[in-house]
Amino acid sequence: MIHLPILKATDRKWETDPSQAPTHDLKDEIFQLEKEGEWIVQRVPEPYFEVKTKYGRIKKIPLEKTWHHKSCGQCGHIPGYSTSIFWLNRQFGLDYHDPTNQTSCTAWNYYASATSNPEAQAAVAIRNFASAYKTGYFPLIHCGTSFGHYKEVRHALVHQPELRRKVKKIMDRLGLPFVIPEEIVHYSEWVYAMRDRIAERQVIDMSHIVATVHPACHYHKLIEEDAIYSEEIYGAQRTAIVTGTLQALGVQVKDYSTWFDCCGFGFRHILVSRDFSRSFAVQRKIEVMKEEANPDVVVTHDTGCVTTLDQSQFAAKAHGKKVGVPVMSDSQMAALAMGAHPYKVLQLHWHNTNNKPFLEKLGIDWKKKWDEFEAECEKIRKGEKAYLTWEDADA
Amino acid sequence: MEFALDLSANKYADVPYEEKERLFNEMKSDERWPHVLYGCYECGICVASCPSARFYDFSPRIIAQAAAREDVDLLYTLMNDSVWDCSQCFSCDRCPRGNSPGQIITVMREVAVRNGLQSAKEALEGYGRIIYKIMSTGTQVSPDMLQPNAFPDWGGHVNEISEHLEVWRKALPPETLHTTETGWKVDEKTLIELYLIWHMTGVMDMIEQIDEGLYMILVDVMEERLEDAGYDVTFD
Ligand code: SF4
Ligand code: SF4
């Protein structure tokens, strides 16, 4: 097989021109439907960042007043992922809301089992959006699948009047407003928009760290035009998300040939056909990364990707596969760079692949940090404290 | 080379053509169908990016081709023997014809579930606990799912997590995350609204088709909670 050197693709800068976009701008229709009284459009609160998407359109990313649409997989199994997002917000003194009036988007189940339908999926989405709207905070979506799925739902609602009518009826019966956010924003877009501010407060040098990035399928393949691209990153030939953040932190991001491949999650597969997920994650992603880039860490920005790429390495190790690379999210990497505690904040003990050599390479005394975390756990066990607080996390 | 996927017409020769046609018409009448299928160049670009095609005898091209040709027999075979292999990653959305083979598959799966096809039941075997979790609690993944017997191939760390679960959940700074049975703390009112959505959109009918036991458990849980909240709602 002939491989062209990948770097060549980035030698030329591709200017993006929204007037040449192959798709039309959905926003015109969203606001038009508002004028016609079909729904309320929740505006992105000011101040906001402006970033460029695939075809050069501008997307608004809110700085604060964000309503955190949590991810079930993150919160349930890798909770340091979401904790790091909140920690970053707190470090910058930003106003945010962590709601209890929120359900999963239910898309994981939908993509796994098909035991739902477009009407139910759209109603779940709009119920969550209505909940955000009532608080005055703007939805920031933690999960890549929720993000992609909500973009699909918005697209369908714009183009299918019958679906809109059905969902409106449901919202009326629930006594909730029919609200659509002006932008569907993924948390990693917020991290990307904040990258220079994060870098300004960086206390851990990462310039000797090599990372590979896995861009989440549902982030950049579903409604592809709504993902962030930058001429500075891969010549705008692939999404700038995560890579842009890591580069701002001084991390050396290395390329590998299977970057477009999915992680192997498969929705149904990760739960009941894990042999597929494991094989794909190891053979098409981790081993290729190891061979071509030999990274210290794999960084990604979605629930399923962190889980699959991390957890799949255990069994592969027993088979002598080339594995053993820790996997974490961009929010965890950004928090770590700013000095967050690896266990109280990043909660790395929920991850599987050994990350201690990586922490050592960063000059972090993981043993000491673990003892600090354990001491807090002991207090909880003895009933001396009910919970670990944010103050404890930074103590 | 021997293929596991038998695409010959004989495989389901005993199923009347009219039945296959009825199911095809259900797919075709779905509002999404004209937005996800525009024909097919038969170029294979979808296959090149498809993870499932690498590890299974599976091809999004064949599915798109069959759908574009309206090959009722072949679609019936694929709906039974192929669609559950898809990873729903939507890498195939790069199709130059503007198709979304992944979404064609989503529609086919929904038709299979709504009609209680045996193959769909088998594909979802062992999956019922997940459906129960998401539909009854509002969060799909919960910390207490991390049990060694559920994830034996993830190694000893799952043991460790389940051993320390209570304390490790309390050792999370965000107050909403101190839960073990749900991903985060969900309000009672939120659940009621979710159940009403399931009720109004006919999702429970799909569950009944696929797993009657699960359906009955879910109905019990939901009706009781709805009644406590003052709603007179039944799922029959
Ligand atoms: S579905 Fe699209 S990508 Fe796949 S073979 Fe047909 S035209 Fe090509
Ligand atoms: S959505 Fe399904 S058919 Fe399409 S690329 Fe992914 S696994 Fe293949």
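Which residues does B:Met204 touch, leaving aside those up to four places away in sequence? In this predicted model, the partners of B:Met204 are B:Met135, B:Trp198, B:Tyr215, B:Leu218, B:Val219, B:Met222 and B:Phe235.

That brings us to the cores. B:Met204 is among the residues with the most contacts inside the largest nonpolar core, together with A:Leu157, B:Met135 and B:Trp198. This core has 204 residues. Its biggest contributor is helix H5 of chain A, residues 118-135, which gives eight residues. Another core lies apart from it and has five residues, including A:Cys217, A:Cys262, A:Phe276 and A:Phe280. As background, nonpolar side chains in soluble globular proteins tend to be buried together.

Next, ligand 1. There are 14 residues around ligand 1, and the nearest are B:Cys40, B:Tyr41, B:Cys43, B:Cys46 and B:Cys95. By type, the shell holds nine nonpolar, two polar and three charged residues. Two helices of chain B, H3 (45-48) and H5 (60-69), each supply at least two residues of that shell.

Now the backbone. Most residues other than glycine have a negative phi, and most peptide bonds are trans. B:Glu42, not a glycine, has a positive phi of about 60 degrees. B:Glu42 sits in the loop between helix H2 (33-36) and H3 of chain B. B:Gln88 also has a positive phi, about 55 degrees, and is in the loop between helix H6 (72-81) and helix H7 (101-114) of chain B.

Are these two buried or exposed? B:Glu42 counts as partly exposed because its relative accessibility is 38%. B:Gln88 is buried, at 0%.

Last, chain A has a cis peptide bond between A:Glu46 and A:Pro47, with omega about -5 degrees. A:Pro47 is in the loop between strand E1 (40-42) and strand E2 (48-52).

Terms used
Residues numbered from 1 in each chain as written. Chains lettered and ligands numbered in written order. Predicted model: local features only at pLDDT ≥ 70, side-chain atom pairs only at ≥ 80, totals over all residues. Heavy atoms only, no water. Core = buried A, V, L, I, M, F, W, Y, C linked by side-chain atoms within 4.5 Å. Buried < 20%, exposed > 50% of the residue type's maximum accessible area, 1.4 Å probe, protein only. Helix = DSSP H or I, 4+ residues; strand = E, 2+ residues; numbered from the N terminus. Contact = heavy atoms within 4.5 Å. Near = heavy atom within 4 Å. Nonpolar A, V, L, I, M, F, W, Y, C, P; charged D, E, K, R; others polar.
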